[in-house]
Amino acid sequence: MKKVFASIVVGLALACSVSAFAAAGDMGNMPMSGSSANKTSSTAANMSHGEVKKVDTSSGKLTIKHGPLENLGMEGMTMVFRVKEPSMISQVKAGDKIDFVAEDLNGALTVTKLQVQ
């Protein structure tokens with residue numbers, strides 16, 4: 001009788017673990033908050049607004065007075081950013097209103113997307 005009971009318990013445990021594994025496999029198409037695909041799509045939607053205060057062509061940096069940077073958890077302030085692409089520097093001048101995305105790339109805050117308003 002003990003062997004039958006043990007077999008039933010093991011069988012139920014196996015059935016539960018297999019169904020849990022199968023359910024996890026079906027979640028491959030669901031967006032997860034930590035997935036890179038979700039970050040990419042939310043990055044475009046989460047552009048920050050700012051004003052270019054200074055353009056430093058020689059060092060490839062922009063000084064931007066900006067609102068909150070939600071993806072970095074930062075409040076609005078004025079700070080210096082590197083630019084991901086050198087061509088971004090020629091797109092703006094001091095006083096321009098911009099929408100941009102800043103990311104922490106290798107420890108440096110970097111403008112990765114930029115649109116002049």
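Strands β4 (97–105) and β5 (residues 108–116) form a hairpin with 2 residues between them, and Asn 106 in the turn has a positive phi of about 55°. Strands here are DSSP runs of E of at least two residues, numbered from the N terminus, and two of them pair if DSSP finds at least two bridges between them. The model is a predicted one, in which local features need pLDDT of at least 70 and side-chain atom pairs count only at pLDDT 80 or more, while totals for chains, interfaces and linings use all residues. Residues are numbered from 1 along each chain as its sequence is written, and side-chain values use heavy atoms, with hydrogens and water left out.

**Barrel and strand pairing**

- The 5 strands make a closed barrel in the order β1-β2-β3-β5-β4, with mixed pairing, and the twist from one strand to the next averages 55°, taken between axes that are lines fitted to C-alpha atoms, with angles running from 0 to 180 degrees between N-to-C directions.
- Strands β3 and β5, by contrast, pair in the parallel sense over 2 bridges, and Val 83 has Val 111 of β5 as its bridge partner.

- Leu 114 touches Met 88, Gln 91, Val 92, Ile 98, Asp 99 and Phe 100, when residues up to four places away in sequence are not counted, contact meaning heavy atoms within 4.5 Å.

**Asp 96**

- Asp 96 lies in the loop between β3 (77–83) and β4, and its relative accessibility of 12% means that Asp 96 counts as buried, a class defined as under 20% relative accessible area with a 1.4 Å probe and protein chains only.
- The side chain of Asp 96 reaches the backbone nitrogen of Lys 93 at 2.9 Å.
- Beyond its neighbours within four places in sequence, Asp 96 is in contact with Gly 50, Glu 51, Val 52, Gln 91 and Val 116.

Conventions:
Helix = DSSP H or I, 4+ residues; strand = E, 2+ residues; numbered from the N terminus. Buried < 20%, exposed > 50% of the residue type's maximum accessible area, 1.4 Å probe, protein only. Polar contact = N/O pair within 3.5 Å; in protein donor to acceptor, adjacent residues only side chain to side chain.
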